[in-house]
Amino acid sequence: MRIEDVSVRVFRTTTKRHADSAGHAHPGPAHQVRMGVLTVRTETGEEGHCFAPPEVIRPHVIEKFVKAVLIGANPFDREKLWQELAHWQRGSAMQLTDRALAIVDCALWDLAGRALNQPAHKLIGAYRDKVPAYGSIMCGDELEGGLATPEDYGRFAEKLVARGYKGIKLHTWMPPVSWAPDVRMDLKACAAVREAVGPDIHLMIDAFHWYSRTEALELGRGLEKLGFAWIEEPLDEQSMSTYAWLAENLDIPVLGPESAPGKHFTRAEWIKAGACDILRTGVHDVGGITPALKTMRLAECFGMNCEVHGNGAENLIVTAVSKNCRWYERGLLHPFLEYDDGFDYLNALADPMDEDGFVHLSDRPGLGLDINFDFIDANLCY
Ligand SMILES: O=C(O)[C@H](O)[C@@H](O)[C@@H](O)C(=O)NO
Ligand SMILES: [Mg+2]
């Protein structure tokens, strides 16, 4: 089997999610945005697909790097293809990003599963077919009845528990919210949620990513009194030694890194430096399912859990093939959005959750997505 073509379709999709000036999502009026789907196709017509923002898989990246490596290759040689693409990164003038690597790697996993008529988590070696989810709440806002006050968070948390979630993560207020960041307000929101849901629901925080050491320490000490399960990204992850200092000075587990560059290599250094108690990976953060699995197994060797960043089929697969991963991050959630409505370009949710808070893996082949190609082709931009 040989790869004959790599192509991208860009299409219009409708969403109620809007990015703020820091890139964090908030609810707003329905509007159209562009989405891309990368397709790898073999000479026998086998295909693998993965979705990404068009700029991640733009023509220059596909023509200059991806096709140069993939065309003519065996699509089952994922490790070889990943290594060759990763080596292109240094000479790509930063044009070939980890996120682009991730999309290609995921499309190859999708192709393998579709060709063998097997879900990717079974190809890799499943540990489970359903995964407990935590509800990952959007960053706070100043919307009336949204996430503008600690009480808003408390009320929303009650609804999430009623939906079935057994874990909840708060993203608290960050700029451009006018008065943010504010450790005391973060702790008020966390206290309101703990009060609302009681002692048995697992709670976590993903805080303002640029607090000082003293602010992060104050936040962590307050969370310890509230029985939170982890503190995530309260400091700039470019300073690993600062995280080692925080982990040394707190009892609450420090989780990371999420946004630090360097794939699974960086995550090995964080373990070695004692910069986290729970490791973090993410398919789009480390360059694909292939390196995310390496990160997960690395953590296992050190008796550590590794939590996966982000929702979506590919991240769900990594949680399903790993014993040392407690949760699937389902989100981002907001009182004004109906997460279970899904996307107009998929015929079904990638992460359906039952009333007990378990997300079930699809038994469809590959990544398991039920893609609405009619919708895509009827809404093509190019
Ligand atoms: O942009 C971000 O900070 C992340 O995407 C955030 O919204 C969320 O996905 C996260 O940090 N989860 O852990
Ligand atoms: Mg995070």
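A polar contact, as I use the term, is a pair of N or O atoms within 3.5 Å; within protein, one must be able to donate a hydrogen and the other to accept it, and residues adjacent in sequence count only if both atoms are side-chain atoms.

Ground rules. I am reading a predicted model, in which local features need pLDDT of at least 70 and side-chain atom pairs count only at pLDDT 80 or more, while totals for chains, interfaces and linings use all residues. Residues are numbered from 1 along each chain as its sequence is written, chains are lettered from A and ligands numbered from 1 in the order in which they are written, and side-chain values use heavy atoms, with hydrogens and water left out.

Entry on ligand 1. I looked up contacts to oxygen atoms of the ligand and found a polar side-chain atom of E232 at 2.8 Å from one such atom, and an N or O atom in the side chain of R280 at 2.8 Å from an oxygen atom of ligand 1. For E329, I noted a side-chain N or O atom 2.8 Å from a nitrogen atom of the ligand. The protein buries 79% of the 320 Å² that ligand 1 exposes when taken alone, by the Shrake-Rupley method with a 1.4 Å probe.

I then listed the shell, counting a residue as near if one of its heavy atoms lies within 4 Å of the ligand; it consists of H24, K169, H171, D206, H209, E232, E258, R280, H309, E329 and L332. By class, I count six charged, four polar and one nonpolar residues there, where Asp, Glu, Lys and Arg are charged, Ala, Val, Leu, Ile, Met, Phe, Trp, Tyr, Cys and Pro are nonpolar, and the others, Gly among them, are polar. Strands β5 (167-171) and β11 (328-333) each supply at least two residues of this shell; strands (E, at least two residues) and helices (H or I, at least four) are DSSP runs numbered from the N terminus.

Entry on the second largest pocket. A pocket is an open set of points on a 1 Å grid over the protein atoms alone, with protein on both sides within 12 Å along at least five of seven lines, and lining residues have an atom within 4 Å of a point. I noted about 260 Å³ of space in this one. Its lining has 13 residues, and T15, K16, R17, D341 and G342 are the closest to its centre. Strand β1 (residues 3-19) gives the largest share, four residues. Domain 1 (3-118 + 372-378) and domain 2 (123-360) each contribute at least three residues to the lining.

Entry on the cavity. A cavity is a set of grid points where a 1.4 Å probe fits but cannot get out, and a volume is the space filled by probe spheres set on the points, which are joined across faces, edges and corners. I found one cavity of 30 Å³ or more. The volume of the largest cavity is about 90 Å³, and A313, L361, S362, L367 and G368 are the closest to its centre among 15 lining residues. Helix α12 gives the most to this lining, with three residues. The lining has 10 nonpolar, four polar and one charged residues.

Entry on the backbone. The P175 to P176 peptide bond is cis, with omega near 15°, and P176 sits in the loop between β5 and α6 (183-197). A cis bond also joins G256 and P257, with omega about -5°. I noted a positive phi of about 50° at E233, which is not a glycine, in the loop between β7 (230-232) and α8 (240-249).

Conventions: Domains from an automatic or database assignment.
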